[in-house]
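User: I would like to learn how to read features in a structure. Can we go through a few together?
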Amino acid sequence: MAKKRDHRSAPSSGRRENRVQSSSRRHERVDSASGRSKLVAFLFIVSTVIAVVAYRWRQSSSPSQHKESYVYQRGLVTTDTNYQDILTENLMVSENTSQRHYTYPVLGYVTPWNSRGYEMAKRFNSKFTHISPVCLLFYDTLGPGMPPFEGQQSSLVLEGRHNADRGWISELKKTGEALILPRVVLEASPAELLRKKKQRNKAINLIVTECKEMGYDGIVLESWSRWAAYGILHDPSMRNLALQFVKQLGDALHSISSEKTSGQQLQLIYVIGPPSSEKLQEHDFGPKDLETLSEAADGFSLMTYDFSNSQNPGPNAPLKWIQIVLRLLLGPSGNRAQSVAPKILLGINFYGNDFSLSRAFLFSVLVKFESADSGGGAIIGRDYLALLEKHRPVLQWDKNSGEHVFFYTDDKDIRHAVFYPSLKSISLRLEEARSWGCGISIWEIGQGLDYFFDLL
């Protein structure tokens, strides 16, 4: 937002008379002031015209205002939505499904247990810069946290290749430009893996070999949350070893060329969770960690979702919380934020939650819940549509969280609150990411509604 200019009035003629005794000098100053006033007025008019033209250009070229996008043409990106429009329009998208509206990197997750994600990846291939379709588990054969007995050898294993659909991956590479990066979840005991150089080298070699043999363009690594669960990140020496491992892995991947694009290196995208509070805790991934890995990682998949759960029902990812998380990681907009922000892939959920409630209180527009025995769980697109069709609810817009919510009572007379993404809630998060110059990561693309992709 442009800052207001500070317009100060010129000194009065009376003040000028007190300062200047000569009548001729006074008239010269008056004429000079008059000339300056005319010049200021002229510059003001010119700057106003330029500002208006620039504003209109930004509005016409803004990715969120695409006239060719079906969902905008139909006026569906609005807080004032209803169940009829969602049921009628959710399958409708623009004819040109290859045009990208979000110009920063877009990572789409696909899970082996949801076949719809594979279909969406093929259909909207051009919307993505990265697709992560496979989950590989990295563990040691002794089991998590199990120390070896005397003489017993631990062996590192990378498992999950059987989930890879080579035909599907080959088709994606032929028809689109998205890089294919499997998700590697590091389950191996960090005490063994991080302290022993031989183990670190073996782990990295296994990952690089998998990329070469399967023709992957790199990996998405998930390890920080596991290391936090093991309680090692509060130890400065272990934390440093953890960061060095990620850096070593990034360097190893960058030393290998991608099969897809000549001259392009294999990439590393690192998964990071949002800080747990406005004050960073010892286990949180913070600005210093981000700075340390900024060269080794090509992107950071930031999990800005799952803000609420069945024990504490509410919005999936309040917009104000997302803003707090970005400020904590990137700080005020400056050189550091500008250099690192393009590597942040802001997490956007394509799933929702259906919470059962024992008591619900509505304060203003924001819905807050207190419950000793609330329950429920995650829902995906087909579940959401079924609930809309059955209950025909009134959707409410929560301006504080920037999400839609509706309530219904089930057959057992239990009250429910349903939070699920809408075109409006997604568009607001895209605008927030765009304002920082961030990319986005979607968990996961098979769980959303078809017309969500019209925003990308």
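User: Which residues of helix H14 are buried?
Analyst: This is a predicted model. In H14, residues 381-391, the buried ones are Gly381, Tyr384, Leu385, Leu387 and Leu388. They cover an arc of only 160° around the axis, so they lie on the same side of H14.

User: Which residues are exposed on the other side of H14?
Analyst: Arg382, Glu389 and Lys390 are exposed there. After H14 comes Arg392, with a positive phi near 45°.

User: How are two packed helices described?
Analyst: By the angle between their axes and the distance between the axes. Take H5 (residues 115-123) and H6 (residues 166-175). They pack at about 20°, and their axes are 10 Å apart. Angles under 35 degrees count as roughly parallel, so H5 is roughly parallel to H6. Their crossing is left-handed.

User: Which residues of H5 and H6 meet?
Analyst: From H5, Tyr118, Ala121 and Lys122. From H6, Trp168, Glu171 and Leu172. By type, the contact has four nonpolar residues, no polar ones and two charged ones.

User: Now a loop residue. Where is Thr97?
Analyst: Thr97 sits in the loop between helix H4 (83-89) and strand E1 (106-109). Its relative accessibility is 23%. Buried means under 20% and exposed over 50%, so Thr97 counts as partly exposed.

User: What is Thr97 in contact with, leaving aside its neighbours within four places in sequence?
Analyst: Arg123, Phe124 and Lys127. Look at Asp454 too: Thr97 and Asp454 are 357 residues apart in sequence, and 7.5 Å apart in space, C-alpha to C-alpha.

How values were computed
Residues numbered from 1 in each chain as written. Predicted model: local features only at pLDDT ≥ 70, side-chain atom pairs only at ≥ 80, totals over all residues. Heavy atoms only, no water. Buried < 20%, exposed > 50% of the residue type's maximum accessible area, 1.4 Å probe, protein only. Helix = DSSP H or I, 4+ residues; strand = E, 2+ residues; numbered from the N terminus. Arc of directions from axis to C-beta. Axes fitted to C-alpha atoms, helices over the stretch in contact; angles between N-to-C directions. Parallel < 35°, antiparallel > 145°, perpendicular 65-115°, else oblique. Left-handed = near helix turned anticlockwise from the far one by under 90°. Contact = heavy atoms within 4.5 Å. Nonpolar A, V, L, I, M, F, W, Y, C, P; charged D, E, K, R; others polar.
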